[in-house]
Amino acid sequence: MSHPAPLFILAPPRSFTSVLNGVIGQHPAILGMPELNLFQAETMREFMTGVRGDGTRRSPFWHLMRHDGILRAVAQLYAGEQTMDSVDMARRWLLARADRSTGEVYRELCMQVSPRIMLDKSPAYARRRDYLDRIVESFPEARFIHLVRHPRGQCESILKAEGGELVAFFMGALAEIDGRPVIDPQRLWLEAQRVITDFLLTLPAHRWRRVVGEEFMADIEGGAKELCAWLDLDADEAAIEAMAHPERSPFAMLGPANARLGNDPNFLERPALRPSNVKPQSLDGPLSWRPDGASFLPEVRRVAETFGYH
């Protein structure tokens, strides 16, 4: 029994992924999921425990990785609701598959979603090339949307987010100024773009599409129609109306107490579309988070310019 190849949004955090996922994920032929994160591990046992097959442990911060998204997804797909009881069922469902690969479990979810296309926007996939390779090993025909955001806007959004500075610190986004470390999230932006672009170069051109986040936010309907054309999906009045309401998704709200998140908390609290307030950004000038008044690294500027930023 077959199912449509899944669709993935690739981008670092705070790159408009929640909005894009919320809009496209409401197309009648697609189901936008929470952040599933499964391909960060080879097996479900490793995913659930952070312990690899050889007994070594993942990062000491692995336990901070939220499993809320996959728990909410399984609860909704198999129980038709997201309650504390259905989330407990979802946890048992996942543990019962501890000896399976994450790809096998992901395929099972795709079968449950079929005939719709499963859409996943887990930003963690952009951190490491082996995560992306694992996707293609499991789904050779998977398609990808590379969503980009101006590095200044993305970095400032990271630092404004609750716990953003702590996350940046744990991920090693540091610069040294006068002998002391200072958080510098531009390095996270750069590494994510390197991982994504190097990976996409290995794929046929028809399997991926780059979307400039600021352009999408300025014309969401137009951007949605362009993606529908690329995916060979209808963009009729009913589809456009559905995509205009990301708040109607079963995942566009805070979940039960034992699986609250699985997406950006700001989006979960206010998922309805609203006028964009994205301001133009420049690659020139000092960075607000750098106490020494430094500007972007030359490598960041070069990569951003290839995306059309100035």
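This is a predicted model: local features need pLDDT of at least 70, side-chain atom pairs count only at pLDDT 80 or more; totals for chains, interfaces and linings use all residues.
User: What makes the contact between Arg-45 and Asp-99 a salt bridge?

Analyst: The side chains of Arg-45 and Asp-99 meet at 2.3 Å, N to O. The cut-off is within 4 Å, between a side-chain nitrogen of Lys or Arg and a carboxyl oxygen of Asp or Glu, so the pair qualifies.

User: Which parts of the chain does the pair Arg-45 and Asp-99 tie together?

Analyst: Arg-45 is in helix α2 (residues 44-49), and Asp-99 is in the loop between α4 (84-95) and α5 (102-113), so the bridge ties together parts that are 54 residues apart in sequence.

User: Why is Asp-99 called exposed?

Analyst: Asp-99 has 67% relative accessibility. Exposed means over 50%, so the label holds for Asp-99.

User: And why does Arg-45 count as partly exposed?

Analyst: Arg-45 has 42% relative accessibility.

User: Why is Arg-134 called buried?

Analyst: Arg-134 has 14% relative accessibility. Buried means under 20%, so Arg-134 is buried. Asp-130, at 27%, counts as partly exposed.

User: Which residues are linked in a network with Asp-130 and Arg-134?

Analyst: Glu-42 and Arg-128 are linked with Asp-130 and Arg-134 in a network of salt bridges.

User: What makes Arg-301 and Glu-305 a salt bridge?

Analyst: The closest N and O atoms of Arg-301 and Glu-305 are 3.3 Å apart. That is within 4 Å, so the pair meets the definition. The two residues are four apart in helix α14, about one helical turn.

User: How do you know that the buried residues of α14 line one face of the helix?

Analyst: In α14 (residues 298-306), Val-300, Val-303 and Ala-304 are buried. Seen down the axis of α14, the buried residues fall within an arc of 100°, so they line one face. On the other side of α14, Pro-298 and Thr-306 are exposed.

User: What do the buried residues of α14 pack against?

Analyst: They pack against α7 (151-160) and α9 (186-200).

Methods
Residues are numbered from 1 along each chain as its sequence is written. Side-chain values use heavy atoms; hydrogens and water are left out. Buried means under 20% relative accessible area, exposed over 50%, partly exposed in between (1.4 Å probe, protein chains only). The arc is that of the directions from the helix axis to the C-beta atoms. Contact means heavy atoms within 4.5 Å.
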